[in-house]
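Work through the exercises below with the structure in view. Try each task before reading its solution.

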Amino acid sequence: MKTRLSILCDNCILGSGFIGEHGFSVLIERDGERSLFDTGPGLSLPLNLKRFKTDLRDLSRIFISHGHYDHTGGLEYAVEQAGPVEIVAHPDVFARHMVEDPARSDTAPRYIGCPFTRESLEAKGARFRFLDHTEEAAPGIWFLAGLNPPLDRRPKDDRLLLEKEGRIGPDLMPDDASLLIQTDKGPILLLGCAHAGVLNILEYLEHDMGIHQLHAVLGGTHLMFYGPEMVPAFAEKIRRFSVSLLAVSHCTGLGPTLQLAQLLGDRFTIAAVGRVFDF
């Protein structure tokens with residue numbers, strides 16, 4: 001089955017007429033169906049769709065990788081464009097995700113979760129399908145959820161906090177999810193931010209799903225929040241999975257991006273806005 005992935009939102013752009021924005025969104029086209037993976041913060045989505053000369057009116061579903069604003073901010077626009085549409089997400093996607101700036105002790109944690117409520121989105125036609133585990137959510141597309149790696153194996157991002165029942169504590173991002181898509185060239189892994197840890201996600205594929213080879217890995221890797229030793233370890237994992245294409249974006253970080261380009265050579269690229277990947 002032919003699969004096309006078009007990058008609609010990312011921090012970087014490729015080509016004129018596109019808008020870069022801190023966030024991520026990908027249009028998935030396969031077998032006559034169109035799905036959206038994340039929506040970015042909201043500003044760039046309609047502008048970049050117009051530049052792509054397309055829209056979301058015949059969208060089949062929306063997958064959400066997690067509840068941060070930079071992946072859910074375009075949800076209202078997407079639902080309004082698509083009309084009644086299924087949204088596949090973890091049940092905690094509307095959690096009270098917060099962030100604090102450790103360099104500024106005088107500021108209180110601020111909310112960085114989804115800017116819309118479930119009720120407001122449902123009123124516009126959203127139909128939520130909540131999955132807290134891995135399941136084939138559409139033909140040939142697996143929603144990878146429910147990973148719970150130990151704290152010491154996750155990206156170390158102490159800025160992220162969770163407000164629950166009036167208390168604020170560390171946010172382990174239980175709503176983090178990714179997609180595994182079967183294509184004619186082999187399976188591809190599509191990441192939002194990989195808050196569960198990109199190495200942990202790859203190990204989950206290997207040990208829990210019996211997948212030992214991937215054609216491509218695309219999306220945000222959160223490597224900027226690992227120690228420097230993790231970039232070579234990730235590159236080695238990419239080789240071990242015989243990955244032909246690694247296309248990083250969003251939260252990978254400039255340093256890890258440059259390091260991966262050096263380590264992986266021709267199999268490395270950037271999933272910037274404007275890029276189209278055919279599989």
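## Exercise 1: A salt bridge between strands

E86 and R61 form a salt bridge, with their closest N and O atoms 3.8 Å apart. The model is a predicted one.

Task: Check the pair against the cut-off, then find where E86 and R61 sit in the chain.

Solution. 
1. A salt bridge needs a Lys or Arg side-chain nitrogen within 4 Å of an Asp or Glu carboxyl oxygen. The closest N and O atoms of E86 and R61 are 3.8 Å apart, and the pair counts as a salt bridge.
2. E86 belongs to strand β5 (residues 85-89), and R61 to strand β4 (residues 61-63).
3. The two residues are 25 residues apart, and the pair links distant parts of the chain.
4. Is R61 buried or exposed? Buried means under 20% relative accessible area. R61 has 9%, so R61 is buried.

By this rule the count of salt bridges comes to 17.

## Exercise 2: From a pair to a network

Solution. 
1. E203 is in helix α5 (residues 198-208) and K237 is in helix α6, so the pair ties together parts 34 residues apart in sequence.
2. E203 has 23% relative accessibility, so E203 is partly exposed. K237 has 9%, so K237 is buried.

For another pair, look at D158 and K156: their side chains meet in a salt bridge at 3.2 Å, N to O. Both D158 and K156 are exposed.

## Exercise 3: Two helices crossing

Task: Describe how α6 and α7 cross.

Solution. 
1. Two packed helices are described by the angle and the distance between their axes.
2. Helix α6 covers residues 230-240, and helix α7 covers residues 254-264. Their axes come within 10 Å and cross at roughly 45°.
3. That angle makes α6 oblique to α7.
4. The crossing of α6 past α7 is right-handed.

## Exercise 4: A nonpolar patch

Task: Which residues form a nonpolar patch on the surface, and where is L43?

Solution. 
1. The patch consists of I19, L43 and L47. Together they have about 260 Å² of accessible area.
2. L43 lies in the loop between β3 (33-37) and α1 (44-51).
3. Exposed means over 50% relative accessible area. L43 has 57%, so L43 is exposed.

Key:
Residues are numbered from 1 along each chain as its sequence is written. This is a predicted model: local features need pLDDT of at least 70, side-chain atom pairs count only at pLDDT 80 or more; totals for chains, interfaces and linings use all residues. Side-chain values use heavy atoms; hydrogens and water are left out. Patches are made of residues with over 30% relative accessible area and no salt bridge: like charges are joined within 9 Å, nonpolar side chains (Val, Leu, Ile, Met, Phe, Trp, Tyr) within 5 Å. Accessible areas come from the Shrake-Rupley method with a 1.4 Å probe; for residues, only the protein chains shown count as cover. Helices (H or I, at least four residues) and strands (E, at least two) are DSSP runs, numbered from the N terminus. Buried means under 20% relative accessible area, exposed over 50%, partly exposed in between (1.4 Å probe, protein chains only). Axes are lines fitted to C-alpha atoms, for helices over the stretch in contact, and angles run from 0 to 180 degrees between N-to-C directions. Angles under 35 degrees count as roughly parallel, over 145 as roughly antiparallel, 65 to 115 as roughly perpendicular and the rest as oblique. A crossing is left-handed if the near helix is turned anticlockwise from the far one by less than a right angle, and right-handed if clockwise.
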